[in-house]
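Open your viewer, load the model and keep the selection panel at hand. We will go from stop to stop, and at each one you will hear what to select and what is there.

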Amino acid sequence: MIRTGARSRFVQICSIVPLRILLCTLLCPLFCTFFDYSQAQAATKEKRNVAMILFRGETPSEQGFRETLAAAAEYDVQFTTFDAAQSKERLQEIIAGLDTLQYDMIYAFGTMAAQVALAKIKDTPIIFNVVQRPIEANVAATWEHSGNNATGASNMVSMESAFKTLALVLNIRKLAFVYNENDPAPRYQRADVEKIRKKFGFKVIDVTVQNTADIPEALKLIVNSKVDAVMFPSDSFIKANANDIMETLNKHRIPTIAIIPEMVRENEALMSLGPDYYELGQLAAFNALQVFGGKHPSDVPIQTVPSLKISINLKTADMLGVNVPLQLLSLSTIIR
Amino acid sequence: MTLQAYLASVSSLEILMWLRGIIPVVLIVVVGVVIGRWDQSRNQRTLDKLTQQIFLPCLIFSSLHRHPFDLKEIAQIGTAATLLTVGITLLSFLLMGAARKQQETNFLPTIFMSSASLLLPLAFILFGNQGLAKAIYFYLFMLLLTHTLGSFLTEGKVTWRQFLKIPSLYTALLGMVCAAVTLPIPAAFEELAWLSEKGIDLTGLGALPLLIISFGYPLGRIPLADVLKGVPGALIRIVGAPVFAFMLIYLYRQSGWLNFEKGYDILGFIDQRTTEAIIVISAAMPSSHHTLRLDASGNPTVSQRDAATVLASTLGAMVTLCVVFFFTAAFIFFD
């Protein structure tokens, strides 16, 4: 009652015409100043065009890249996306047909896209992302100075950390390592696994595939080898065929470990031990901002994520009878 | 962070995982109780013998040879086990000294927790091999304390010979040596070594349900009517000991012996948190039924009051363990 009375008095006072005019006179300049400020902000933002060349569609790393650049106060970034849909030929066509004059920067996802882009584009800055071994893949000369028009973020992970984490969940003596021979990145991970194999006391069975027709034979080899677990490196071909692969391996109760985190959520792999792709996208964007700011890509060091992201699929763990220790829960992303 | 925020940080997932661990254990204990009541031929001695001489030594070797050997970790757990035991002994004398004078109790069920039968399976289910290995260290120290302090309290002497006859001691030593020294295995024998290892692992896993059954086995023979007599001892065991353990963890952190900084080595961080969790959960375990030796040894030297302490602490632990876990999850795993 009291509130209603007070409100009606306020309305009565405001209905007095001269007072309304006074209020408008005071508030209008305030609104105008704010509007002008917002417009000025937009006008002062420098426009930048980025061509995003993807190899296997959108991943969380692109989301991280876009969101970080969109949040930058100095730039108004426009993105144009090209997806090669996992075809090397399509990738080459995209890059060959790219009018680099239209773009201030080229974003390339994966080792293959980065290599092809670097071979064709020499005068536009390239920001690569999810490139496992930039030095070995000839994408950069060193981690500090690429020596060319590229910089970016690497998804390199410490295999020792990965296996230490894995030892909390599984006891592995025989490990199948499945990868596409045509992709350069998994070979580097295979070499890393070989280095720590003796320390952790396990044997590696190499299972290579080149096309989808090879997959049934590869799965047969894994099942017959009676392995304790299967490891999938960061490999776009494997990711694209992960549903069929995981279905068979889960049916045979063989634990699967992936480096690509989405394989746990989307394809029901048991666990992933790799970098957070969203964080990788953010790191690549930080490098992009430095290049926008005037630095030469060669002078911007390549970024790596400081720690592993652990994802565990609890449903798969239950299916396989794998016990997930509680202490891992506080560090992991759990998929149920 | 406030207490409310701490408690809120424990998600339903942690509670779910805890229940997934505790419910099967409780069910197997019940199976043990039922077997104990129905088994008229008294086969517990055979069950204990099999568990103690074959399955448990295999479990201990299987766990320790895979766990990185770390003297600091052993020292942390050993010190905690010793301080806890000494602390609870003093507390028992202080609060229940009169009962001891009347020869109603020898305090053993209050001082010594079930560090093998219940702790090892629970540690494995909840914390995997990392937790199991730490729980094994705790168990080994408790064995030593049982045959020194425990024997002294009951018999007035230390029973070294009995202690040195325990097979688990030697498999533990072997496991630690294998973990500390990488033994070169010729490639031709690698497969054979792994198969032998799998055999030991499998036998060791068999120890887990057997240990829980052997925990439940004598419980069914303790008269429920006596349970009230055991309440004071049980309270010290299942409430006093975990509170003491939390204080100990606090002191460890304050002194810097257990580092709470996350730092770069996240795996080192969770390893230390697991050590803390194992110390607290070990302290919260109900009384050890081995201190009673009701049926297995045929030497029922313990009082009704001590037997009642075992029963009361087991029944009470179903509630207190849940509370302790909740606080462990909130204070230890979530900063």
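A word on conventions: residues are numbered from 1 along each chain as its sequence is written, while chains are lettered from A and ligands numbered from 1 in the order in which they are written. This is a predicted model, in which local features need pLDDT of at least 70 and side-chain atom pairs count only at pLDDT 80 or more, whereas totals for chains, interfaces and linings use all residues.

**Stop 1: chain B**

Select chain B and switch to cartoon. You will find twelve helices and zero strands; helices (H or I, at least four residues) and strands (E, at least two) are DSSP runs, numbered from the N terminus. Of the 335 residues of chain B, 46% count as buried, meaning that 20 or more other C-beta atoms lie within 10 Å of the residue's own; 12 or fewer make it exposed, anything in between partly exposed, with C-beta atoms placed from the backbone.

Now pick F269(B), in helix α11 of chain B. F269(B) is partly exposed because 19 other C-beta atoms lie within 10 Å.

**Stop 2: the nonpolar cores**

A nonpolar core is a set of buried Ala, Val, Leu, Ile, Met, Phe, Trp, Tyr and Cys residues joined through C-beta atoms within 7 Å. The largest one has 136 residues, and those touching the most other members include V230(A), L120(B), I136(B) and A284(B). Its largest share, 20 residues, comes from α6(B).

Which residues is A284(B) in contact with, leaving aside its neighbours within four places in sequence? Select I238(B), A241(B), P242(B), A317(B), T320(B), L321(B) and V324(B) to see them. Here, contact means that the C-beta atoms, placed from the backbone, lie within 7 Å. Another core, of 44 residues, lies apart from the largest one and has I53(A) and L280(A) among its members.

**Stop 3: the domains of chain A**

Colour domain 1 (46-156 + 277-304) and domain 2 (159-274 + 309-335) of chain A separately; such bounds come from an automatic or database domain assignment. Their C-alpha centres lie 28 Å apart, and the contact takes 13 residues from each of domain 1 and domain 2 of chain A. On the domain 1 side, helix α5 (residues 110-120) of chain A gives the most, with three residues.

**Stop 4: a sheet in chain A**

Show the strands in the order β7-β6-β8-β9-β10-β12-β13 (chain A): this is an open sheet of seven strands with mixed pairing, where two strands pair if DSSP finds at least two bridges between them. β7 (203-209) and β13 (332-335) of chain A stand at the edges with a single partner strand each, so one side of each has no neighbour in the sheet. Zoom in on β10 (residues 271-274) and β12 (residues 309-313) of chain A, which run antiparallel and are joined by four bridges. There, G274(A) stands opposite K309(A).

**Stop 5: where the chains meet**

Finally, show both chains. Their contact takes 20 residues from chain B and 17 residues from chain A. On the chain B side, α2 (12-38), α6 (119-155), α9 (187-216) and α11 (266-283) of chain B each give two or more residues, and α6(B) gives the most, with six.

Notes. Contact = placed C-beta atoms within 7 Å.
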